[in-house]
Amino acid sequence: MHDVVIVGAGPVGLFLAGELGLAGRSVLVLEREPEPRSPWRSFPLGMRGLSAGSVEAFHRRGMLSPLLAASDVDERPVPDEPEPPRSVGHFAGTPLDPAAVDLARFPHRLPSPALDGIMTSLEAVETVLAERAGKLGVEIRRGVEVTAVTQDGSGVVAWAGDREYPARWLVGCDGGRSAVRRLAGFAFDGTEPQLTGYLALATLADPGVLRRGFTVTPEGMYLTMSEPGHLGVLDFDGGAYDRSRPPTREHLQSVLRRVSGTDVTIAEVHLASTFTDRAKQTSTYRRGRVLLAGDAAHIHSPLGGQGLNLGIGDAMNLGWKLAATAAGTAPSELLDTYTAERHPVGERVLDWSRAQVAVMRPDRHSRAARAVLEDLLATRDGTTYVFERLSPARYDWGGEQRLAGHNAPEFVLADGTTLADLLHNGHGVALDFSADARLHEVASRYGNRIRYAAGPARNDLGFGAVLVRPDGIVAWTGDRVPDPGSFEEAVRRWF
Ligand SMILES: Cc1cc2nc3c(=O)[nH]c(=O)nc-3n(C[C@H](O)[C@H](O)[C@H](O)COP(=O)(O)OP(=O)(O)OC[C@H]3O[C@@H](n4cnc5c(N)ncnc54)[C@H](O)[C@@H]3O)c2cc1C
């Protein structure tokens with residue numbers, strides 16, 4: 001019996017599998033598709049934007065260089081001082097100016113190779129993650145479709161026809177149409193679609209007719225992307241289009257003509273699919289021994305490109321908690337903090353995507369709201385607000401402690417060792433800038449779960465010590481002379 005069976009070898013399932021393998025747990029991944037490659041996962045249709053938070057997750061596990069290489073992105077030198085972001089992306093198609101972000105509002109943003117997002121593809125991400133999982137002893141079985149899930153107090157079984165795969169825990173990472181979600185009885189609620197989106201690779205007879213980038217029109221929105229003929233169209237049809245089969249050339253052309261207000265001609269469609277802005281989320285991410293992560297737990301429109309980032313955040317949050325629970329070392333409530341922390345983050349992303357749809361609707365009220373919003377987004381406050389909304393999640397634990405629950409800054413010790421270096425093996429990290437023997441004594445009792453590093457930092461932001469969880473979230477901070485009692489309390493809470 002495995003410690004954990006993961007259903008789905010998409011980016012979220014593979015990231016999670018690596019996290020569990022890193023912690024020494026036995027993991028089996030079951031994947032329906034016999035082959036990892038598909039034109040929907042490679043460039044250009046599989047192109048995905050990874051946010052700074054996701055890039056940082058790769059960096060913290062020593063996978064940034066392989067990811068950059070697989071994504072054909074150059075390594076960047078780490079600046080001495082925090083720099084403005086290279087991109088803040090867009091809101092509902094309105095691009096934002098990165099130079100307008102007020103960096104003074106992010107005093108904890110220390111220089112790191114992971115301060116910016118990158119463009120990559122699902123294939124690049126999955127290749128890097130599958131390689132890492134394989135090295136860590138994770139078994140990936142392809143061509144296995146899970147059709148039933150049963151559980152009792154001691155274990156859970158994934159069934160593929162009459163073949164059974166028993167485990168102590170099961171995680172559904174099987175995407176937006178998750179079978180695990182349905183089979184394990186998760187409630188899944190939210191809002192129904194306002195639009196049908198089309199994504200296509202096509203040859204246009206007259207490509208010059210369409211504008212480049214995002215174009216909002218009185219009928220919807222269209223988007224021409226990096227490759228000629230790589231198109232997106234949003235049609236506010238209330239989600240009425242029958243998505244059971246791919247759209248024909250004729251249908252796509254008629255929608256594109258109506259939405260773009262042009263007489264564009266599509267000569268040939270090579271690949272096409274549809275999506276909607278249906279936005280739904282499960283009410284909890286755990287039922288007994290079954291958990292969900294990624295699109296299996298939440299779906300929303302691809303606008304603003306956040307689904308993958310949200311899913312990687314889920315996997316990073318869940319991995320170490322489930323590993324410690326399966327190993328029998330976790331504090332009793334640890335696993336339930338997964339839903340408590342990640343559900344509100346998912347809820348905010350769903351609302352972010354709903355807000356974008358609301359100001360893109362081709363009606364007069366929405367256009368008026370959009371015009372007001374565009375004025376606000378063009379201000380320093382507006383751009384900074386969007387930047388903050390798209391920055392790594394922070395968990396609200398209440399309490400007064402500065403930085404607790406936030407993504408940890410990239411502290412660098414005097415010898416050049418970075419926080420990311422110390423997080424590579426998936427342990428927690430106690431950075432003791434004050435080199436206090438009492439903190440060392442506490443940390444050494446948790447030696448197989450916490451790495452203790454003592455000594456001054458190049459920038460300690462005024463802290464005497466910082467405890468960082470394996471997912472890079474600050475668990476506790478100490479003053480110049482840290483209080484060992486409160487440090488020990490934090491260690492007990494999380495480890
Ligand atoms: C056009 C488009 C553009 C996007 N752009 C971005 C972007 O720029 N940034 C971003 O963050 N997000 C983006 N997204 C969203 C992102 O692609 C998804 O959120 C992400 O792929 C979800 O990953 P996942 O691992 O949860 O699910 P998936 O990638 O769907 O993987 C699920 C896996 O489970 C397998 N599976 C399903 N059912 C079973 C079963 N019963 N048994 C076994 N295996 C099963 C599937 O074959 C699949 O391999 C975009 C989405 C679209 C459609």
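Trainee: Let's start with D72: buried or exposed?
Mentor: D72 sits in the loop between α3 (64-70) and β4 (90-91); helices (H or I, at least four residues) and strands (E, at least two) are DSSP runs, numbered from the N terminus. For burial, under 20% relative accessible area is buried, over 50% is exposed and in between is partly exposed, using a 1.4 Å probe and protein chains only. D72 has a relative accessibility of 71%, so it counts as exposed.

Trainee: Before we go on, what kind of model is this, and which atoms are left out of side-chain values?
Mentor: It's a predicted model, where local features need pLDDT of at least 70 and side-chain atom pairs count only at pLDDT 80 or more, while totals for chains, interfaces and linings use all residues. Residues are numbered from 1 along each chain as its sequence is written, and side-chain values use heavy atoms, leaving out hydrogens and water.

Trainee: Back to the backbone: what is phi of D72 near?
Mentor: D72 isn't a glycine, yet its phi is positive. The value is near 60°.

Trainee: And A435, what is its phi near?
Mentor: A435 is in the loop between β21 (428-432) and α12 (437-444). With a relative accessible area of 48%, A435 is partly exposed. Here too a residue other than glycine has a positive phi, near 45°.

Trainee: Which two residues does the cis peptide bond join?
Mentor: Look in the loop between β2 (27-31) and β3 (47-50), where P44 is placed. Omega is about 0° at the cis bond, and it joins F43 and P44.

Trainee: P36 is in the loop between β2 and β3. Which residues does P36 touch?
Mentor: P36 is partly exposed, at 39% relative accessibility. A contact is heavy atoms within 4.5 Å; leaving out residues up to four places away in sequence, P36 touches R41, E126 and R142.

Trainee: What span does helix α4 reach from its first C-alpha to its last?
Mentor: Helix α4 covers residues 122-135, which is 14 residues. The expected span of a helix is 1.5 Å times one less than its number of residues. For α4 that gives an expected 20 Å, and the model comes close to it, reaching 20 Å.

Trainee: Which elements do the buried residues of α4 pack against?
Mentor: The buried set includes L122, V125, V128, L129 and R132. An α-helix has 3.6 residues a turn, so residues three or four places apart point the same way. The partners of the buried α4 residues are α1 (11-22), β3, α2 (52-60), α3, β6 (118-121) and α7 (307-327).

Trainee: R60 is in helix α2. Which residue's backbone oxygen does its side chain reach?
Mentor: R60 is buried, with a relative accessible area of 3%. Its contacts include M316, N407, L423 and D471. A polar contact is a pair of N or O atoms within 3.5 Å; within protein, one must be able to donate a hydrogen and the other to accept it, and residues adjacent in sequence count only if both atoms are side-chain atoms. At 2.8 Å, the R60 side chain reaches the backbone oxygen of A408.

Trainee: Which residues touch the most other members of the largest nonpolar core?
Mentor: A nonpolar core is a set of buried Ala, Val, Leu, Ile, Met, Phe, Trp, Tyr and Cys residues joined through side-chain atoms within 4.5 Å. Among the contacts of V171 are V4, L16, L291 and L322. Of the 63 residues in this core, the ones touching the most other members are I6, F58 and V171.

Trainee: Which element gives the most to the shell around the ligand?
Mentor: A residue counts as near a molecule or strand if one of its heavy atoms lies within 4 Å of it. There are 29 residues around the ligand, with E31, R48, G49, D295 and L308 coming nearest. The top contributor, with 3 residues, is α7.
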